Amino acid sequence: MNAHLLAGVLIALIYFTAGVIMMTKAGEPSSIFGYRTRTARRNMDTWVEANQFAGRSIMIVGSLLILLLLLLEGILPEPEGFYPALAVSIIVGSAIVFLLTEVHLKKIFFKDGKRRPYR
């Protein structure tokens with residue numbers, strides 16, 4: 001195991017840990033940390049739901065990122081391609097988390113922040 005792989009795994013673990021914190025601290029709105037879109041900040045109910053969903057999603061992306069890093073280690077032995085691939089993976093993963101969370105919130109809440117009735 002080389003230093004580049006260890007650095008990448010450490011970054012993925014930090015990403016995973018951010019997801020755990022978002023899930024467990026979802027009840028405490030923060031101006032610095034959390035899923036802070038206009039949809040998520042409508043009320044406390046949307047805030048908690050958004051942060052719990054985004055936290056779970058980030059944990060999944062962090063886990064997949066670790067697997068991707070292990071695959072990249074075998075495919076890209078040279079470190080020149082490793083860090084750009086890691087950066088692109090994090091950006092794409094974050095965009096997917098954002099899109100999934102926004103779709104999830106639109107399914108559960110009306111535009112005014114009230115919950116939709118259960119089907």
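**Salt bridges and the rest**

Colleague: How many salt bridges does a search of the whole structure find?

Modeller: It finds two. A salt bridge here is a side-chain nitrogen of Lys or Arg within 4 Å of a carboxyl oxygen of Asp or Glu. This is a predicted model, so local features need pLDDT of at least 70 and side-chain atom pairs count only at pLDDT 80 or more, while totals for chains, interfaces and linings use all residues. Residues are numbered from 1 along each chain as its sequence is written, and side-chain values use heavy atoms, with hydrogens and water left out.

Colleague: OK, which residue pairs up with Asp45?

Modeller: Arg115 does, with N and O 2.9 Å apart. That pair links distant parts of the chain: Asp45 sits in helix α2 and Arg115 in the segment after α3, 70 residues apart. Helices (H or I, at least four residues) and strands (E, at least two) are DSSP runs, numbered from the N terminus.

Colleague: And what else does Arg115 form a salt bridge with?

Modeller: With Glu49, where the closest N and O atoms are 3.3 Å apart. Again distant parts of the chain are linked, as Glu49 is in helix α2 and 66 residues away from Arg115. The bridges share partners, and they join Asp45, Glu49 and Arg115 into one network.

Colleague: Is Glu49 buried or exposed?

Modeller: Glu49 counts as buried because its relative accessibility is 14%. The cut-offs are under 20% relative accessible area for buried, over 50% for exposed, and partly exposed in between (1.4 Å probe, protein chains only). Asp45, at 34%, is partly exposed, and Arg115, at 31%, is partly exposed too.

Colleague: How much of the protein is buried?

Modeller: Buried residues make up 34% of the 119 residues. The accessible surface comes to about 7,500 Å², and 70% of that belongs to carbon and sulfur atoms. Accessible areas come from the Shrake-Rupley method with a 1.4 Å probe, and for residues only the protein chains shown count as cover.

Colleague: Now α1. Which of its residues are buried?

Modeller: Leu5, Gly8, Val9, Ala12, Tyr15, Gly19 and Met22. Looking down the axis, they fall within an arc of 135 degrees, so they line one face of α1. The arc is that of the directions from the helix axis to the C-beta atoms.

Colleague: What covers the buried residues?

Modeller: The cover includes α2 and α3 (82–108).

Colleague: How does the span of α1 compare with what it should be?

Modeller: It agrees: the 22 residues of α1 (residues 3–24) should span 32 Å, and the end C-alpha atoms are 31 Å apart. The expected span is 1.5 Å times one less than the number of residues.

Colleague: Switching to Gly55, where is it?

Modeller: Gly55 is in helix α2 (residues 44–75), and it counts as buried because its relative accessibility is 0%. Not counting residues up to four places away in sequence, Gly55 touches Gly19, Met22 and Met23. Contact means heavy atoms within 4.5 Å.

Colleague: What about Gln52, which residues does it contact?

Modeller: Leaving aside neighbours within four places, Gln52 is in contact with Met22, Met23 and Ala26. Gln52 is also found in α2 and is partly exposed, at 30%.

Colleague: Last one: which residues form a nonpolar patch on the surface?

Modeller: Ile60, Leu64, Leu67 and Leu70, with about 400 Å² of accessible area together. Patches are made of residues with over 30% relative accessible area and no salt bridge, joining like charges within 9 Å and nonpolar side chains (Val, Leu, Ile, Met, Phe, Trp, Tyr) within 5 Å. Ile60 lies in helix α2 and is exposed, at 53%.
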